[in-house]
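Me: Got a structure I'd like to go through with you. Can we talk it over bit by bit?

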Amino acid sequence: MVLKHWEQQTALVTGAGRGIGRATALMLAAKGVQVAVNDINPDTAHETIETILAQGGRAIPAIGDVSNEHDVIHIHEELLAQHGGVDILVNNAGVILKQPLQEVTEHEWDHILAVNLKGVFLNITHAARHMAEQGYGRIVNVSSIAAKHGGGYLGNVAYGASKAGVASLTRGAAREYAPAGITVNAVMPGFTHTPMTDAMSDETRTRILAGMLVKRPAEPEEIARVIAFLAAPESGFITGETIDVDGGATLD
Ligand SMILES: NC(=O)c1ccc[n+]([C@@H]2O[C@H](COP(=O)([O-])OP(=O)(O)OC[C@H]3O[C@@H](n4cnc5c(N)ncnc54)[C@H](O)[C@@H]3O)[C@@H](O)[C@H]2O)c1
């Protein structure tokens, strides 16, 4: 069984310019991991890199659109050539739609599925080649409890469908990659305090909090902590799992 210590590893965290991805990148860097910071927005990605470097960590840019195979290939080729490839992949980049299903256009549907689901598929398959060769890898996908309740709180039915796809992809990929020493797991965050939810109306906020046992949104670090747990070298016996981190919203 191959085991790699944190300091020997490179992690690619997608959508790490802000929110949960940024918190995850900082947390992994604090453990000694070299973090490749992906975001479609180069400015916020570089802010995350500067913060990690200022804290004495190691960070490198991996700018690009996770839904674009050309960008994804470029990112993984560079990481392989310059840094020996990705040991930890955190598929965090995501977008949300707020309008009712009836108002969603074909273009909007395709976009949300492309970023939230195809992006996960593309990064898994490109990262897994190197992981399989070395016989070690940790993949953590960021789904959502919307995968279970079907969206609807924010009008996000398409979002829920994309995140349910991520949950299924997690289980299937775990089965296929287990013989190669790669674990594939997911977190299902509930309401989390990030720019994604900042624009939420008071009415929606009150409605969501009413369904939670812990009457506050999570801080991004509380989601990042579970991602880092699943990404740990010692977590090799957990695979195909989805973990709710939702303040008691789901209770299943
Ligand atoms: N905030 C919540 O309440 C919550 C709840 C459940 C799940 N999630 C999930 O957690 C993840 C992070 O959410 P967040 O709240 O931090 O969101 P956020 O909007 O604050 O951050 C998402 C980041 O992803 C980047 N991004 C968007 N499209 C991209 C693309 N095509 N390629 C690369 N980067 C891209 C954005 O630029 C942004 O920096 C998402 O997958 C989201 O669906 C969030």
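Me: Is Lys4 buried or exposed?

Reply: Lys4 is buried, with a relative accessible area of 18%. Buried means under 20% relative accessible area, exposed over 50%, and partly exposed in between, using a 1.4 Å probe and protein chains only. Keep in mind that this is a predicted model: local features need pLDDT of at least 70 and side-chain atom pairs count only at pLDDT 80 or more, while totals for chains, interfaces and linings use all residues. Residues are numbered from 1 along each chain as its sequence is written, and side-chain values use heavy atoms, with hydrogens and water left out.

Me: What does the side chain of Lys4 meet in a salt bridge?

Reply: Asp87, at 2.7 Å from N to O. A salt bridge here is a side-chain nitrogen of Lys or Arg within 4 Å of a carboxyl oxygen of Asp or Glu. The pair links distant parts of the chain, 83 residues apart: Lys4 is in the segment before β1 (10-13), and Asp87 is in the loop between α3 (69-83) and β4 (88-91). Those labels are DSSP runs numbered from the N terminus, with helices being H or I of at least four residues and strands E of at least two.

Me: And Asp87, buried or exposed?

Reply: Asp87 counts as buried, at 2% relative accessibility.

Me: How many salt bridges does a search of the whole structure find?

Reply: Four. One of them joins Lys148 and Asp244, with the closest N and O atoms 2.8 Å apart. That pair also links distant parts of the chain, with Lys148 in helix α5 (residues 146-149) and Asp244 in strand β7, 96 residues apart. Lys148 is partly exposed at 38% relative accessibility, and Asp244 is partly exposed at 23%.

Me: What about Arg216, which residue does it form a salt bridge with?

Reply: Glu222, the closest N and O atoms being 2.9 Å apart. Arg216 is partly exposed, with a relative accessible area of 39%, and Glu222 is partly exposed at 27%. Elsewhere, salt bridges that share partners join Lys148, Asp244 and Asp252 into one network.

Me: Ok, Asp246. Where does it lie?

Reply: Asp246 lies in the segment after β7 (242-245). Asp246 is buried yet has no salt bridge, and the nearest side chain of opposite charge, Lys148, is 6.2 Å away. For charge, Lys and Arg count as positive and Asp and Glu as negative, with His and the chain ends not counted.

Me: So what does the side chain of Asp246 make a polar contact with?

Reply: The side chain of Thr250, at 2.4 Å. A polar contact is a pair of N or O atoms within 3.5 Å; within protein, one must be able to donate a hydrogen and the other to accept it, and residues adjacent in sequence count only if both atoms are side-chain atoms. Leaving aside neighbours within four places in sequence, Asp246 is also in contact (heavy atoms within 4.5 Å) with Ile145, Met188, Gly190 and Met212.
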